[in-house]
Number of protein chains: 2
Amino acid sequence: MMMAGLRERKKEQTRRRIAETALRLFDERGYDAVTVNEVAEAAGVAKVTLFAYFPSKESLVLDGIKDDTAAIVDGREEGQSPLDALHAHYRETARRGSGAIDMDGLLLRVRVITASPALLASVHQARMEQRHELAAALARALPGRGPAAQLMAAQITAAVTTLQEVFFWRLSQGVPPEEAARSLGEDVELAFDLLRHGLEGGNHEKGH
Amino acid sequence: MMMAGLRERKKEQTRRRIAETALRLFDERGYDAVTVNEVAEAAGVAKVTLFAYFPSKESLVLDGIKDDTAAIVDGREEGQSPLDALHAHYRETARRGSGAIDMDGLLLRVRVITASPALLASVHQARMEQRHELAAALARALPGRGPAAQLMAAQITAAVTTLQEVFFWRLSQGVPPEEAARSLGEDVELAFDLLRHGLEGGNHEKGH
DNA sequence: AATAAATCCATACCGGGTTCAGAAATGTAC
DNA sequence: GTACATTTCTGAACCCGGTATGGATTTATT
């Protein structure tokens, strides 16, 4: 009859316990200084069990941090340009931003990530894959020549990435979430203005 | 009297032997499937010795593949904008391109790299560092607000990266080097046009 | 030939990650 | 509640990349 499974509840519980233990230890002593054996022991499971729940040490931190730009492009409304769709999405994200998700957990994660070169490398790797998917989506959206889509995807991904970085950098500097969210709103407009009209186009105080 | 060092010659020779052996094995059987022990053995040295010459397995392939955009910006002529300096540099690179360096060795390296997720991740990591340096250089060059410099650095790095990728992709598809170099020249102009005037500015056939 | 310095190597070790055989827990049937 | 199948967990051994160490070999100088 399979009635909501007690097994599955325990599994989820164990999974959360492992992830939380790991994040706490990483924050206390640094990602690289904590071994997965310690995490497993502190969480009360065996190393093998830990790796049954998480495929790698990195995934203990990076579980579900994606930002699927390709899906946004693919799912845009008829007649809307890819750039407009992305602009609308990130404008909306910035507006929601402040109160929506739990800032504390997120900020903890970001703190752990930015403190570890290994995790940063992994994040970057994920972004590369995302960029390739976006390039494919753009090529679908505007079937012109290849290199243009790749160049656009690269620049868009770079801009979005930088928005995230600047946002979290502000938060880590102690800027209160509401103000950081407001600045993010401004940065989104700046970023898409740069994307649309170029680095030497507008009023963003650049000489010659 | 130190007469040109026989020691140093032997060292260089050993170093080359290790690197060439590694590249050959990686190309034959794949980077991940070859252990450094095998490389060391095939090159006739001990594992420890290999790591005395190269700091990591990756560096056997990625030795000296950087592309220092920050230095180009810092070393530009008086009155020249950062973007112009970079544009001139890559235009020149594309012109020289074809005959200058040994395409075969380079192409072999690129083939090995693109076939290995681990190496790709490492390349990407290096680019991230390069991007941060470029952001610092841009902030020095045009002391405006912070986020703009970071956004510009991100977009420029993304464009340059994509130029390389498209170039090597063409080569790997069998396009003859001279033609690939010519296409690279065109792509350089396209990329900097996009950078200067934006993704929806010019004549690069984008509809919406 | 003697000596100082550089180079090399065997071995043992560490941490991340996997494999495997079985122990423990859970679900099901009687 | 007992018996059995299935899932989950575990300890131990192992692989690979990388480091530490102490000694052996080669090279350069006198």
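Student: Does Thr157(B) count as buried or exposed, and at what relative accessibility?

Tutor: This is a predicted model, in which local features need pLDDT of at least 70 and side-chain atom pairs count only at pLDDT 80 or more, while totals for chains, interfaces and linings use all residues. Residues are numbered from 1 along each chain as its sequence is written, chains are lettered from A and ligands numbered from 1 in the order in which they are written, and side-chain values use heavy atoms, with hydrogens and water left out. Buried means under 20% relative accessible area, exposed over 50% and partly exposed in between, with a 1.4 Å probe and protein chains only. Thr157(B) therefore counts as buried, at a relative accessibility of 6%.

Student: Which residues does Thr157(B) touch, not counting residues up to four places away in sequence?

Tutor: Thr157(B) lies in helix 9 of chain B, residues 146-172, where a helix is a DSSP run (H or I, at least four residues) numbered from the N terminus. Contact means heavy atoms within 4.5 Å, and with residues up to four places away in sequence left aside, Thr157(B) touches Arg127(B), Arg131(B) and Leu134(B).

Student: Which residue of chain A forms a salt bridge with Arg131(B)?

Tutor: A salt bridge is a side-chain nitrogen of Lys or Arg within 4 Å of a carboxyl oxygen of Asp or Glu, and the rule finds two of them across the interface of chain A and chain B. In the one that involves Arg131(B), the closest N and O atoms are 3.0 Å apart, and the partner is Glu165(A).

Student: Which helix of chain A gives the largest share of the side that touches chain B?

Tutor: In this interface, 43 residues of chain A are in contact with 45 residues of chain B. Helix 8 (117-141), helix 9 (146-172) and helix 10 (177-197) of chain A each supply at least two residues of the side that touches chain B. The largest share, 15 residues, comes from helix 9 of chain A.

Student: How is the aromatic pair of Phe26(A) and Tyr31(A) arranged?

Tutor: Rings of Phe, Tyr and Trp (its six-membered ring) pair if their centres lie within 6.5 Å, and planes under 30 degrees apart count as stacked, over 60 as edge-to-face and the rest as tilted; by this rule there are four aromatic pairs over all chains. Phe26(A) and Tyr31(A) lie 4.8 Å apart, centre to centre, with 65° between the planes, and their pair is edge-to-face.
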